[in-house]
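Here is a short briefing to read alongside the sequence and the 3D view. Keep both open as you go.

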Amino acid sequence: MTRAADAAGRLATAAVSIAGLIAAWSLLAIFKDDPTVLPGPWHVAPLIVQEIASGELPRNLAATLRRVVLAFVFAMSVGVPLGLLMGRSWRADRWLDPWLIFFLNLPALVTIVLCYLWIGLTEAAAVTAVALNKIPAVTVTIREGARALDRRLDDMARVFGMSRFARLRHVVVPQLAPFLASAARSGVSLIWKIVLVVEFLGRSNGIGFKIHLYFQLFDVGMVLAYALSFVAVMLAIETFLVRPWEARAGRWRSA
């Protein structure tokens, strides 16, 4: 089977699966017969169109996506070198492992609240809180990847006199690529969920803020409209950006 055919098959399967989910939602909405409690797709879809036409949905979606991207870049920029250091140096791993375990088990809500209290209700606090919740997970993934590196390739590179940068680029990074892709994929899925909590608690725009607003108004339809719109965007990013990159990064293992 060609890659194009495989990709088409995956998309078709995903489309049928999503159609089944919408059908189940529709049946539940019909059974409940109360749009104030569980509005059906025929109630939510016009609300999404209405919010897009007014510009509210694109504006708040852009604000949330900006926070997702900034937090993702921050988390990967810190977590990747830290994980590489801990995976390559047993001394660094011994000293830093207790810190890593501490932050892995620190509840996201506590981190968010403390960042808002210490930094203020600012954009910097929001992005920092999200990134701090993701850095430990990135570090663990990259550390395991660094531990799995083939030492023989590293020794061969030293024998041939390759510089430290050249070894990193041509020996280490290609072997770490699947772990980097895995960390990125799990990072996107975790970060956008935490971003919504951050916006729910202390921002004046974004999808989380709008969900908080309509939660206070007990407007289930608008809550679903904003939530499902953002989920659809993140699914598109996962399907067309993150998953192909992950497959490409791990292709060398099956070559």
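Is Glu123 buried, partly exposed or exposed? Glu123 is partly exposed, because its relative accessible area is 23%; buried means under 20%, exposed over 50% and partly exposed in between, with a 1.4 Å probe and protein chains only. This is a predicted model, in which local features need pLDDT of at least 70, side-chain atom pairs count only at pLDDT 80 or more, and totals for chains, interfaces and linings use all residues. Residues are numbered from 1 along each chain as its sequence is written, and side-chain values use heavy atoms, leaving out hydrogens and water.

**Around Glu123**
- Glu123 sits in helix H6 (helices are DSSP runs of H or I, at least four residues, numbered from the N terminus).
- Not counting residues up to four places away in sequence, Glu123 touches Arg66, Arg67 and Arg203 (contact means heavy atoms within 4.5 Å).
- From C-alpha to C-alpha, Glu123 and Arg203 are 7.9 Å apart, though 80 residues separate them in sequence.

**The nonpolar cores**
- The largest nonpolar core has 31 residues, and Val130, Val198, Ile207, Tyr226 and Phe230 touch the most other members (a core is a set of buried Ala, Val, Leu, Ile, Met, Phe, Trp, Tyr and Cys residues joined through side-chain atoms within 4.5 Å).
- Helix H8 gives the most to this core, with seven residues.

Note on methods. Helix = DSSP H or I, 4+ residues; strand = E, 2+ residues; numbered from the N terminus.
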